[in-house]
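Please look over the model below before reading the points that follow.

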Amino acid sequence: MKNQTAVFIEKEKDLWEFLRTEFRNVYPHGSRVLIKLHMGEPGNRHYIKPELAGKIIDLLKDNECEPFIFDTPVVYDSPRNNPGDYLKVAADHGYSKEKLGVPVIINDKNTATRGEHMEYGLASSPLEADGVLLLTHFKGHMCSGMGGSIKNVGMGCMSKETKGAIHTGGEPVYADGCTECGACVENCPTENIRLDNGRPWFDVNWCPGCSNCILSCPVDAIRPKAAIFDRLLSEAAVLAHKKFKNVYAINVMKGMTKLCDCIADAGPVLVEDTGFVCAPDMLTVDIASLELLKKKTGREDIFQEHNKVSSWGHVREAASLMNRDMKVEIVEIP
Ligand code: SF4
Ligand code: SF4
C-alpha cells in the first residue's frame, strides 16, 4: 500500500485475506506487535469486541509475530484508572490472556517528551514495541467531535498526568472584550457557560476543556490555559506516532455512537454500520473514515451536529504537524 492511501472494506469476511498480506508487509517475522485498543468502560456496549481482536491476533501469529494488547489507565473516576482494576474490566469484556492467548498489558509507564506547549508523558510500551497496530473504534467524542486513530494515540498512548493536562490545557480563561454575542454559550457541549456582567463565566458545570467556546468566539475574548484541545491532542499524537516503529491503523466503523467508549452510556448509534478502514498511519485512516462518513450520511459532520465540536479540527492540526495535506486516496473493496 502506498502512503496516504486507505482501503475501505465493507464486509468483515473480506478483511482477513487483505490484512494477512498487509501484516506480512508491515511486521517482520518475530516482531512484538502492540495492539493499542480501548477495552471499554463498564456498561459501554460498543467497544471493539474480543472476537474481532482475536482474529487479528491469529493473523499476526500466522505471520510469526508476538502480538499483545495494550492500553493505559484513564485519569477520571473509573475502575479503569488503575491497571489492576482495568485488567478486571478488560477480563469482564473478554480481554484476558486466558481467552485470547496473548498478554493484556495496562500500565502508566511513560517517557517525558517536550512538545511545543507542554511536556507529554508518552506511554513507553508502544515506543518499545517492534510494531504498533492501532485498532480503533471510530465514534463520536465530546471534546474532539470524533474519536478515531489520532485520539487513540494522542490520549490513549499518554500517561494519566498528560491526559489530565491536555484537558486542563484546553480549558477557557476569559481575556477581554466580550460583546455578549452568546456564541460560546450556544456552542458549549456541557452547558457550562453563563453570561453575566458583560462577560462569560465557566463555573456552571463540569468543563472537559474541549475549547469549543474559544473557537466559537468571534472577537478572541477567551483564550485556552495552554492551547486549544485539538492542538494539544494532535501534538501528543504526532510526537508519539513518529516514534513508533512499523505502524498500521484500522478504524472499525461500526456501532458509531454519539460519545466514546469511555462512557457507560455512549448515547445513540448515529450511523449504520459501514465497515473497516485500513491505512499505514493514524492520519490517513482518520481522514478516510471522515470522508466515508460524509458519503454514508450525506452530511458534512454528523458527529458535530450532535456534539457541537468539529470532528475535523484535531485532524487538521495533526496534518499540519505532520506536514501533510488532507488528501487521501480511498480504495474500496465492496
Ligand atoms: S465549550 Fe468546552 S471548553 Fe468551553 S466551557 Fe464548554 S466544555 Fe469547557
Ligand atoms: S463568544 Fe466571545 S464575545 Fe460572544 S459571548 Fe462568548 S466571550 Fe463574549
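**Notes on the predicted model**

1. The centres of domain 1 and domain 2, taken over C-alpha atoms, are 30 Å apart. Domain 1 covers 5–165 + 230–333 and domain 2 covers 171–224; these bounds come from an automatic or database domain assignment.

2. This is a predicted model, in which local features need pLDDT of at least 70, side-chain atom pairs count only at pLDDT 80 or more, and totals for chains, interfaces and linings use all residues. Residues are numbered from 1 along each chain as its sequence is written, while chains are lettered from A and ligands numbered from 1 in the order in which they are written.

3. Where the domains meet, six residues of domain 1 contact seven of domain 2 (contact: C-beta atoms, placed from the backbone, within 7 Å). The domain 1 side of this meeting has three nonpolar, one polar and two charged residues. Ala, Val, Leu, Ile, Met, Phe, Trp, Tyr, Cys and Pro count as nonpolar, Asp, Glu, Lys and Arg as charged, and the others, Gly among them, as polar.

4. Ligand 1 has 15 residues around it, with Cys188, Cys207, Cys210, Asn212 and Cys213 nearest (near: C-beta atom, placed from the backbone, within 6 Å of the molecule). Nine of the shell residues are nonpolar, five polar and one charged.

5. Around ligand 2 there are 14 residues, and the closest are Cys178, Cys181, Ala183, Cys184 and Cys217. This shell has 10 nonpolar, three polar and one charged residues.

6. Valine 277, leaving aside neighbours within four places in sequence, has contacts that include Ala6, Phe8, Met253 and Leu292.

Methods. Contact = placed C-beta atoms within 7 Å.
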